[in-house]
Amino acid sequence: MRRADNTPADPVERARLLRRVHTAVLSGQRAPRPPRAVVFESWRRSLAARVDPDRWEPPVAYGSDQLADVRAEHPLAGCVPMLRRTLLDAADGTTHIMIITDADGNILWREGHPDVCRAADRVWLAEGTRWAESSIGTNAMGTTLATGRAVQIHSAEHLVRRYHSWTCAASPVHDPETGRILGAIDLSGPLRTMHPALMGLVTTSAQLVESELRRRMDRRDAVFRERNGHHLARLGGPEDAPTSALSKGTVEKVQ
C-alpha cells in the first residue's frame, strides 16, 4: 500500500526508501525521490550549522542537579500532568515517549515506558540534552521550533544516521499573550510505531496547553484588576481595561 504522497504506508518499507534518499542526496547522487520540502530545508540548515550526519551527539545543556530548578521556572511546568494524561494514555506509553522541550530545544521532561526510555538513553534522547537543529540536525523537536509548525520526522528524514531507527512528531507551544514559542511537545518511538495520528495528537495537545495558558493568564489579569482597580481608576482608565501590559508580560504558572 502507498500513502497519498506515493510513499509506502508500511513504516519499515518507508524507512528503507528514506535511507536510499538520504544516502543519495548527501552524496550528490540522483535520489529515488526528492525529500519532503520541510526535510530538505532542515537538512540545509543543519549542514550549514556544521552538524555531521555520521558523528554527532546532542550537547548537554543542563545537568541532573540543574533540571529541577529549570523545570520549576518554565511556563509549561503546570501543564505536564495534563500532557501525561493526554499523550501517554492516548498514544500507548509502551511504544512512545513524551518529550517536552523549552524554546531552545533543551529536553526538560521525558516520560514513557522504561524500555523505550532506556533505548532513548542509548542515543542521548535524554533530559537535559539540547535538540535544536543547530545542535543535532533534523528532528521533530528541533525542526518544529525552527519552523513554528507541527512536523513529523520518520527514520532517515533525521539528518544524523544514529536516529534512523526512530520516528517522532512534534508541535510548538506558543505563549498566548506574546505569540513567542515557549517550547515543543513531542512523541517519539521506534520507527515501527509511526502512525499518521501522532501528528494530530501532538497538535491537539499543544492547542490544549495554549488554551490552559490563556485561562491562567486571564485569571492572573483578573486578580491584578481586583487588587489594583482603584489605581487604574485614578489613572483615568476603566477597571476592566486589559492589564496584560501592566502585569507581567509572559505567561506564568498560577497556583
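At what angle do helix 2 and helix 7 pack, and how far apart are their axes? Helix 2 (residues 37-48) packs against helix 7 at an angle of about 90°, and the axes lie 11 Å apart. This is a predicted model, in which local features need pLDDT of at least 70, side-chain atom pairs count only at pLDDT 80 or more, and totals for chains, interfaces and linings use all residues. Residues are numbered from 1 along each chain as its sequence is written, and side-chain values use heavy atoms, with hydrogens and water left out.

**The chain as a whole**

- The protein chain has eight helices and five strands. Helices (H or I, at least four residues) and strands (E, at least two) are DSSP runs, numbered from the N terminus.
- From the N terminus on, the elements run α-α-α-α-β-β-α-α-α-β-β-β-α.
- Of the 255 residues, 47% count as buried. Buried means under 20% relative accessible area, exposed means over 50%, and partly exposed is in between (1.4 Å probe, protein chains only).
- Among contacts with a separation of 6 or more, 62% join residues 24 or more positions apart. Contact means heavy atoms within 4.5 Å.

- Helix 7 covers residues 140-147 and is mostly covered, with six of its eight residues buried. The buried ones are A140, M141, G142, T143, T144 and L145.
- At the start of helix 7, a side-chain oxygen of N139 comes to within 3.1 Å of the backbone nitrogen of M141.
- After helix 7 comes G148, with a positive phi near 75°.
- Two packed helices are described by the angle between their axes and the distance between the axes.
- Helix 2 and helix 7 meet at about 90°. Helix 2 is therefore roughly perpendicular to helix 7. Angles of 65 to 115 degrees count as roughly perpendicular, under 35 as roughly parallel, over 145 as roughly antiparallel and the rest as oblique. Axes are lines fitted to C-alpha atoms, for helices over the stretch in contact, and angles run from 0 to 180 degrees between N-to-C directions.
- V38, S42 and R45 of helix 2 make this contact with T143, A146 and T147 of helix 7.
- By class, the contact has two nonpolar, three polar and one charged residues. Ala, Val, Leu, Ile, Met, Phe, Trp, Tyr, Cys and Pro count as nonpolar, Asp, Glu, Lys and Arg as charged, and the others, Gly among them, as polar.
- T143 lies in helix 7. T143 counts as buried because its relative accessible area is 0%.
- Leaving out residues up to four places away in sequence, T143 touches V38, S42, R45, E133, T138 and V151.

- Five strands form an open sheet in the order 2-1-5-4-3, with antiparallel pairing. Strand 2 (107-112) and strand 3 stand at the edges, each with a single partner strand, so one side of each has no neighbour in the sheet.
- Neighbouring strands of this sheet are turned by 15° against each other on average, direction ignored.
- Strands of a sheet pair through backbone hydrogen bonds, either parallel or antiparallel. Two strands pair if DSSP finds at least two bridges between them.
- Strand 3 (residues 151-154) and strand 4 (residues 166-174) run antiparallel and are joined by four bridges. H154 has T167 of strand 4 as its bridge partner.
- V151 and I153 point one way from strand 3, Q152 and H154 point the other way, and all are buried.
- Strand 4 pairs with strand 5 (residues 181-190) in the antiparallel sense over nine bridges. W166 has P190 of strand 5 as its bridge partner.

**Residues in loops**

- Most residues other than glycine have a negative phi, and most peptide bonds are trans.
- W124 is a non-glycine residue with a positive phi, near 65°. W124 sits in the loop between helix 5 (114-122) and helix 6 (133-136). W124 counts as partly exposed because its relative accessibility is 35%.
- S155 is another non-glycine residue with a positive phi, near 50°. S155 is in the loop between strand 3 and strand 4. S155 counts as buried because its relative accessibility is 0%.
- A31 is in the loop between helix 1 (11-27) and helix 2. A31 counts as partly exposed, at 22% relative accessibility.
- Aside from its neighbours within four places in sequence, A31 contacts V21, A24 and V25.

Conventions:
A polar contact is a pair of N or O atoms within 3.5 Å; within protein, one must be able to donate a hydrogen and the other to accept it, and residues adjacent in sequence count only if both atoms are side-chain atoms.
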